[in-house]
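Colleague: I have a structure open here and would like to talk it through with you. Could you take my questions one at a time?

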Amino acid sequence: MSYLFITNLSIRNFRNIPALDLAPGPGVNIIYGDNAQGKTNLIEALYLLTGQKSFRQTKESEFVRFGEKKAQIIAAFSGGSRDQEVSLTLEGGKRSALLNDLPLSVGELTGRFFAVVFSPSELSLVQDGPSQRRAFLDGAITQVMPRYQKTMADLSRVLFQRNNLLYDVARHPGMDETLLEVWDRSFAKLSYSIINARVRYLTRLAPFGEEIYRGISGGKEALSMAYQCSIPGEWGSLGEQEGEALILSALEKNRREDLKNSCTTIGPHRDDLDLRVNGVSARAFGSQGQQRSCALTLKLAECRVIREVSGEQPVLLLDDVLSELDKTRRDYLLSGLAPGQLFITCCDRSGFSSIREGITWRIREGQLAAKRRITPKKKKE
Ligand code: ATP
Ligand code: MG
């Protein structure tokens, strides 16, 4: 088992960062500074190297520094047991990528450079509706199974067509419904693939999540997670044919309801991930700190699955998590995690006073200063 870590990072004209060169350590790297100095921007730049969309709601054209035409992010990293280099150029609202000097599509970076991010917006994972949790599952599955993205895109297309047809049939009673059956079959096939992938992914994720949450809460609380499917069934143990047949019969039973609403009311686009702390819903009853710990746990567990599947521990990017966590939870993050490269941002030094080993930098107006290396104190004899 190896772990992926960045040895050199160079950023040019990305958001408020004019030029930044950084040689991070293989363990904990802390970036601290006042508000609006570029902490999240740095985390975002790193995350974009995964080839995924930003975790911020943003337009591609907004990445480039005001007044500039082009931004660039280059990272030398050790991964796949060799030294590699990934380069991302953002220009004219478009991204282009190079891996070891060879051009490839940005999407192809997924599965080659691994990073998992946690930012304050991730709290919505626990607090908001099911779509956030589905998006988490789908993004996490894509990192370890890039072709899953196509299945998701195919399902959206089929869903769109099926819903349009439902609308037409509802408005023209007596219209031939056989075409609907054709879309039902495509929908059932894709839905089975998606439900199956999600349930299997959760089987891997849940034990890691339980273990991590126990660690974060100092052994005081227990997290459990389960896939909540809008089509009841023994998902995970159903074969393809049985699963598709179950979905088809559910669609048939639900057809009047679907016609009434002109939309498909059951399927993977309506499913949820149930998260419970000590047996009760984290969304309905969790405290702010518990909800944050839950969301963080999902991300840390995602790292463990990537490690299990790819053999590489991804880079972990934690934006602004320390200030809201109590000491037990902070200590767990700074020293209780499995080995791997970690970037953490926070506003001031008090957030990481308990760190035993790592490197810290202060960021101001998009530039790094005050590098400090913290080494473990020798125990007195
Ligand atoms: P906080 O502690 O408040 O989260 P932060 O250090 O994480 O602060 P960032 O979100 O990284 O701050 O943003 C820093 C600054 O970057 C903001 O003031 C923002 O206006 C600026 N900024 C964002 N996009 C661009 C851009 N394209 N060009 C120049 N500056 C930008
Ligand atoms: Mg920030």
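What follows is a chat about the ligand, a few residues and the aromatic pairs.

Modeller: Gladly, and please keep in mind throughout that this is a predicted model.

Colleague: Let's start with the ligand, then. Which residues come nearest to ligand 1?

Modeller: There are 17 residues around ligand 1, and of these Asn35, Ala36, Lys39, Thr40 and Arg56 come nearest. Sorted by class, the shell holds four nonpolar, six polar and seven charged residues.

Colleague: And which polar side-chain or backbone atoms lie by an oxygen atom of ligand 1?

Modeller: One of them is a polar side-chain atom of Arg56, which lies 2.6 Å from an oxygen atom of ligand 1, and another is a polar backbone atom of Gly38, at 3.0 Å from an oxygen atom of the ligand. On the nitrogen side, a backbone N or O atom of Arg15 is 3.3 Å from a nitrogen atom of ligand 1.

Colleague: How much of ligand 1 does the protein bury?

Modeller: The ligand exposes 660 Å² when taken alone, and the protein buries 74% of that.

Colleague: What does Thr40 touch, apart from its sequence neighbours?

Modeller: Not counting residues up to four places away in sequence, Thr40 touches Phe55, Arg56 and Asp319. With Asp319 there is also a polar contact between the two side chains, at 2.7 Å.

Colleague: Changing topic, what can you tell me about Gln84?

Modeller: Gln84 is found in strand S6, which covers residues 82-91, and at 10% relative accessibility it counts as buried. Its side chain makes a polar contact of 3.0 Å with the side chain of Asn100, and a polar atom of the Gln84 side chain also lies 3.0 Å from the backbone oxygen of Gly79.

Colleague: Which other residues is Gln84 in contact with?

Modeller: Leaving aside neighbours within four places in sequence, the contacts of Gln84 include Ala75, Ala76, Phe77 and Leu99. As for Pro103, its C-alpha is 14 Å from that of Gln84, and the two residues are 19 apart in sequence.

Colleague: What about Arg292, is it buried or exposed?

Modeller: Arg292 counts as buried, at 5% relative accessibility, and it is found in helix H9, residues 288-310. Beyond its neighbours within four places in sequence, Arg292 is in contact with Phe118, Leu123, Asp320, Val321, Glu324 and Leu325.

Colleague: Last topic, the aromatics. How many aromatic pairs are there?

Modeller: A search of the whole structure finds five aromatic pairs. Among them are Tyr3 and Phe5, a tilted pair with 5.6 Å from centre to centre and 45° between the planes. Tyr3 is partly exposed, with a relative accessible area of 26%, and Phe5 is partly exposed at 22%.

Colleague: And why is the pair of Phe14 and Phe63 stacked?

Modeller: The ring centres of Phe14 and Phe63 are 5.6 Å apart and the planes are at 20°, so the pair is stacked, for which the planes must be under 30 degrees apart. Phe14 lies in strand S2 (residues 5-14), while Phe63 lies in the loop between helix H1 (39-48) and strand S5 (70-79), so the pair ties together parts that are 49 residues apart in sequence.

Colleague: Are those two buried or exposed?

Modeller: Phe14 is buried, and Phe63 is buried as well.

Notes. Residues numbered from 1 in each chain as written. Chains lettered and ligands numbered in written order. Predicted model: local features only at pLDDT ≥ 70, side-chain atom pairs only at ≥ 80, totals over all residues. Heavy atoms only, no water. Helix = DSSP H or I, 4+ residues; strand = E, 2+ residues; numbered from the N terminus. Buried < 20%, exposed > 50% of the residue type's maximum accessible area, 1.4 Å probe, protein only. Contact = heavy atoms within 4.5 Å. Phe/Tyr/Trp six-rings, centres within 6.5 Å; stacked < 30°, edge-to-face > 60°. Polar contact = N/O pair within 3.5 Å; in protein donor to acceptor, adjacent residues only side chain to side chain. Near = heavy atom within 4 Å. Areas by Shrake-Rupley, 256 points an atom, 1.4 Å probe, with all protein chains shown as cover. Nonpolar A, V, L, I, M, F, W, Y, C, P; charged D, E, K, R; others polar.
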